[in-house]
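Hi,

Here is the model I promised to send over. Could you have a look at it and keep it open while you read my notes?

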Amino acid sequence: MSKQEKIREFDPNGFATNDQLFGLPFTYGESETVVLPVPWEVTVSYSAGTADGPKAIKEASLQVDLFDPVLEGAWKRGVYMVDVNTDLHEKSNRLRLKAEQYLDKLAEEADAHILMEINHACAEMVQWVEDSATHLLEEGKRVALLGGDHSTPLGYIRALGKQHSSFGILQIDAHADLRDAYEGFTFSHASIMFNALKEGCVEKLVQVGIRDYCESEYRMIQEDPRIETFFDRDLKQAAYRGTGWAQQCQNIIEQLPEKVYLSFDIDGLDPKLCPNTGTPVAGGFEVEEVLFLLEKLVESGRTIIGLDLNEVAPGEDEWDANVGARLLYRLCNLMALSQK
Ligand SMILES: [Mn+2]
């Protein structure tokens, strides 16, 4: 059956009749956007579960309504999720236990061999993501990376760097993620933006919603002219004084170049929307507040060249995956809408 025939026969208002992402009927070849799942959480600091995010989001996605008010007939463009790499998931589970053992001993004597093994495996994960993303981009796909913890998108950012000489990162997050090798882990979730800024292609980092950071991260924010941080506290206080969200969004967007990579850590949202995420922090956004920012970003004429959604851990009631699945759909559609 051709794609056109599938579009004619598919009922976007009905129940999902297959178990593909969002219940869509399209093959990989027929889909404009590809979701690349990276079930990896070796360096998670607080509570685990985000490696199960892709599977849980895929299951929850069957309930997502396919109508999107910002993009007419969004579903017809196709969003396809490639199979979860089960070897990577198993490796993550195995090494996460080792990382816990390593951290338990951190205070006394650190085991250099375990640390080396973990850093080596994380570097291999980054390389696998770079290779996979490069392949998808070369096939003309738009790519949405789905974590896993926040260490997962580095390889994707590198892959984009081969196509785009320069772009900015818009980071939605509770944390600054600017630590130089957190707890000894070179590719820690808490180091993703520190590592991304070493890539020559990243000309600007705009952080939004940040409310948990250490002194060295604060100093880096002050000293590195490429970093612009909109702290949760400042955004809220400006709102209390009467500055509307539309104005604040404009201030945020002005800091970004024409090409934007979106890195969305679910913990940037209010933790009521992601109670099982690895490191929840009180404060943060409603879903529509962030989507409003992103709609304004697209309206400004900027292009979302790629995106990731990370740190979604399903928990027992699957609530976080429910939020994550709806968010993923809207993000993919905004990326599609932003293409010239
Ligand atoms: Mn993060």
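Predicted model: local features only at pLDDT ≥ 70, side-chain atom pairs only at ≥ 80, totals over all residues.

First, the housekeeping. Residues are numbered from 1 along each chain as its sequence is written.

The sheet is open and has 8 strands, in the order β2-β1-β3-β8-β7-β4-β5-β6, with parallel pairing. (Strands are DSSP E runs of at least two residues and helices are H or I runs of at least four, numbered from the N terminus; two strands pair if DSSP finds at least two bridges between them.) At the edges stand β2 (79–81) and β6 (227–231); each has a single partner strand, so one side of each is left without a neighbour in the sheet. From one strand to the next the twist averages 20 degrees (angles run from 0 to 180 degrees between N-to-C directions, with axes fitted to C-alpha atoms, for helices over the stretch in contact).

Now to β8 (residues 303–310). Strand β3 (residues 142–147) pairs with β8 in the parallel sense over 3 bridges. Leu 145 has Asp 308 as its bridge partner in β8, and Leu 146 stands opposite Leu 309. Strand β7 (residues 259–265) also runs parallel to β8, joined to it by 7 bridges, with Tyr 261 opposite Gly 306. How much of β8 is covered? Mostly: 7 of its 8 residues are buried, where buried means 20 or more other C-beta atoms within 10 Å of a residue's own C-beta, placed from the backbone.

On to the helices. Helix α2 (residues 53–61) lies across β1 (33–38), β2 and β3, and runs at about 115 degrees to β3. Helix α8 (residues 232–240) packs on the sheet, where it touches β5 (202–210) and β6, its direction making about 55 degrees with that of β6. Contact here means C-beta atoms, placed from the backbone, within 7 Å.

Finally, the axes of α9 (residues 245–254) and α10 (residues 287–299) come within 10 Å and cross at roughly 55 degrees. That makes α9 oblique to α10 (under 35 degrees is roughly parallel, over 145 roughly antiparallel, 65 to 115 roughly perpendicular, and the rest oblique). Among the residues that meet there are Trp 245 and Ile 252 in α9 and Phe 292 and Leu 293 in α10.

Cheers

Conventions
Contact = placed C-beta atoms within 7 Å. Buried ≥ 20, exposed ≤ 12 C-beta atoms within 10 Å, placed from the backbone.
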